[in-house]
Amino acid sequence: MAHALGRSPSAVTDLLNGSRRLRAEEIAVIADYLGVDPPRLVGGGRGPPHAGRVPLVGYVGAGAVAHFYADGQGPFDEVAAPDAAGPRTVAVQIRGHSLGALFDNWLVFYDDVHDPPGDDLTGRMCVCGLADGRILIKALKRSQIPGLWNLALQP
């Protein structure tokens, strides 16, 4: 991987242990090297951002729980919208290593829709709202109990 990035092996070690941040231009190189698609969670680096902006509604911290900015603080921050953004698209920022060191400070875009998930989301990383009001970023796994889902750290 160090050779593919044009970096020293110690730079890759620093990246993996979280003492160095991943650069945007390194995402595609690492994905290609590993033979995987770029992370879908943040749009996968699919070209220039949409001309519009979307609200940054909170951050995901330790334990992958979303912490939303309090009402009345306004105005909320805004970030450049991804290509596929719609009127319900919002963003949260990942802070820390709860989803892995590579994701620290990345933005997660999602449509703020409160519908039950469909089978098409099985095994995919999703922003999930729980009955107790917590918001998590987890992979959805089909439960053996109809209508319920299990939440996992990885797909």
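**View 1. Arginine 7 and glutamate 26 form a salt bridge, with their closest N and O atoms 3.9 Å apart.** A salt bridge is here a side-chain nitrogen of Lys or Arg within 4 Å of a carboxyl oxygen of Asp or Glu. This is a predicted model, in which local features need pLDDT of at least 70 and side-chain atom pairs count only at pLDDT 80 or more, while totals for chains, interfaces and linings use all residues. Residues are numbered from 1 along each chain as its sequence is written, and side-chain values use heavy atoms, with hydrogens and water left out. Because arginine 7 lies in the loop between H1 and H2 and glutamate 26 in helix H3, the pair ties together parts that are 19 residues apart in sequence; helices (H or I, at least four residues) and strands (E, at least two) are DSSP runs, numbered from the N terminus. Arginine 7 counts as partly exposed at 28% relative accessibility, whereas glutamate 26, at 5%, counts as buried. These words follow relative accessible area, with buried meaning under 20%, exposed over 50% and partly exposed in between (1.4 Å probe, protein chains only).

**View 2. Glutamate 78 and arginine 53 form a salt bridge between two strands.** The closest N and O atoms of glutamate 78 and arginine 53 are 4.0 Å apart. Glutamate 78 belongs to strand E3 (residues 78–80) and arginine 53 to strand E1, so the pair ties together parts that are 25 residues apart in sequence. With 42% relative accessibility, glutamate 78 counts as partly exposed.

**View 3. Aspartate 119 and arginine 142 meet through their side chains in a salt bridge (1.9 Å, N to O).** Aspartate 119 lies in the loop between E5 and strand E6 (125–129), and arginine 142 in strand E7 (residues 135–142), so the pair ties together parts that are 23 residues apart in sequence. Aspartate 119 is exposed, with a relative accessible area of 54%, while arginine 142, at 39%, is partly exposed. By the rule given in the legend to View 1, the count comes to three salt bridges.

**View 4. The largest nonpolar core has 15 residues.** A nonpolar core is a set of buried Ala, Val, Leu, Ile, Met, Phe, Trp, Tyr and Cys residues joined through side-chain atoms within 4.5 Å. The residues with the most contacts inside this core are Leu22, Ile30, Val57, Val92, Val108, Tyr110 and Ile137. Two or more residues each are given to the core by helix H1 (2–5), helix H2 (9–16), strand E1 (53–60), strand E4 (89–94) and strand E5 (107–111), and the largest share, three residues, comes from E4. A second, separate core of five residues includes Leu56, Val79, Ala81 and Ala91. In soluble globular proteins, nonpolar side chains tend to be buried together.

**View 5. Helix H2 has buried residues that pack against H1 and H3.** Ala11, Val12 and Leu15 are buried in H2. These residues cover an arc of only 100° around the axis, which puts them on the same side of H2; the arc is that of the directions from the helix axis to the C-beta atoms. Just after H2, glycine 18 takes a positive phi of about 90°.

View 6. Not counting residues up to four places away in sequence, glutamine 93 touches Leu56, Gly58, Tyr59, Val60, Asn105, Trp106 and Leu107, where contact means heavy atoms within 4.5 Å.

**View 7. Tyr33, Leu34 and Val36 make a nonpolar surface patch of about 300 Å².** Patches are made of residues with over 30% relative accessible area and no salt bridge, like charges being joined within 9 Å and nonpolar side chains (Val, Leu, Ile, Met, Phe, Trp, Tyr) within 5 Å. Accessible areas come from the Shrake-Rupley method with a 1.4 Å probe, and for residues only the protein chains shown count as cover. Leucine 34 is found in helix H3 (residues 24–34) and, at 47% relative accessibility, counts as partly exposed.
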